[in-house]
Amino acid sequence: MMAVVNKFWRNVPGALAYLKEALRTWKRVESPEAVFVAACKNGRKPENWGKPLPNYPQPSDEDLAQLAEAKSTGRIKDYYRQPDGLWVVDTGSHCVNLCDFLTRRAASLQISLN
């Protein structure tokens, strides 16, 4: 597996997503390793790869500007969009989805204003 990962490293995220989808939807997976290796070699990925799912709200330009500012000042470590469309914020101690992060941030601002 390591040789395949080293050789086809660009296909690894798609292959992992493909394996995850296979484990979730196929009736039976004889060898998860074989599914991963074949997906890596062939560049397979799920059909919805890279398309935001409708139940994942996308950040506004204002949200992205606030995240960039928070990253530059060190309040968060990083933020990024996962292949399935979910935006994640790395706070440095844990990762949370963007909606939870913004909700908590708004609540903490509301508390500090009162």
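Author: A helix here is a DSSP run of H or I with at least four residues, and a strand is a run of E with at least two. By that rule the chain of this predicted model has five helices and three strands.

Reader: In what order do the elements of the chain run from the N terminus on?

Author: The order is α-α-α-α-β-β-β-α.

Reader: How do you know how far the predictor trusts the chain, in terms of pLDDT?

Author: pLDDT is the predictor's confidence in each residue, from 0 to 100. The chain averages 83, and 85% of the residues score at least 70.

Reader: Which elements have the lowest and the highest mean pLDDT?

Author: Helix α5, residues 98–113, has the lowest, at 67. Helix α3, residues 32–42, has the highest, at 93.

Reader: Why is P46 called buried?

Author: Buried means under 20% relative accessible area. P46 has a relative accessible area of 10%, so P46 counts as buried. P46 lies in the loop between α3 and α4.

Reader: What is P46 in contact with, leaving aside its neighbours within four places in sequence?

Author: The contacts of P46 on those terms are G14, A17, Y18 and E21. The cut-off for a contact is heavy atoms within 4.5 Å. P46 and L16 are 30 residues apart in sequence, with 9.5 Å between their C-alpha atoms.

Reader: What makes A22 buried?

Author: The relative accessible area of A22 is 2%, and the limit is under 20%, therefore A22 is buried. A22 is found in helix α2. Leaving aside neighbours within four places in sequence, A22 is in contact with V29 and V35.

Reader: How far apart are the C-alpha atoms of A22 and P46?

Author: The separation is 8.8 Å, for two residues 24 apart along the chain.

Reader: Why is W26 called partly exposed?

Author: Partly exposed covers what falls between buried, under 20%, and exposed, over 50%. W26 has a relative accessible area of 38%, so W26 is put in that class. W26 lies in the loop between α2 and α3. Setting aside neighbours within four places in sequence, W26 is in contact with Y18, E21 and V35.

Reader: Which residues of α3 are buried, and what covers them?

Author: The buried residues of α3 are V35, F36, V37, A39 and C40. Their cover includes α1, residues 2–7, and α2, residues 12–25. After α3 comes G43, whose phi is positive, near 70°.

Reader: How many cavities of 30 Å³ or more does the count give?

Author: The count comes to one. The largest cavity has a volume of about 40 Å³.

Reader: What makes this space a cavity?

Author: A cavity is a set of grid points where a 1.4 Å probe fits but cannot get out. The largest cavity is lined by D63, Q66, L67, A70, F101, L102 and R105. The elements that give two or more residues to this lining are α4, residues 61–72, and α5. The largest share of the lining, four residues, comes from α4.

Reader: How is the lining of the largest cavity made up by class?

Author: There are four nonpolar, one polar and two charged residues in the lining. Asp and Arg count as charged, and the lining includes D63 and R105.

Reader: How much of the chain is buried, and what is its accessible surface?

Author: Buried residues make up 25% of the 114 residues. The accessible surface of the chain comes to about 8100 Å², and 55% of that belongs to carbon and sulfur atoms.

Reader: What share of the contacts between residues at least 6 apart in sequence joins residues at least 24 apart?

Author: The share is 46%.

Definitions and conventions: Residues numbered from 1 in each chain as written. Predicted model: local features only at pLDDT ≥ 70, side-chain atom pairs only at ≥ 80, totals over all residues. Heavy atoms only, no water. 1 Å grid on protein atoms, 1.4 Å probe; cavity = no way out; pocket = protein on both sides within 12 Å on 5 of 7 lines; lining within 4 Å. Points joined across faces, edges and corners; volume = space filled by probe spheres on them. Buried < 20%, exposed > 50% of the residue type's maximum accessible area, 1.4 Å probe, protein only. Areas by Shrake-Rupley, 256 points an atom, 1.4 Å probe, with all protein chains shown as cover.
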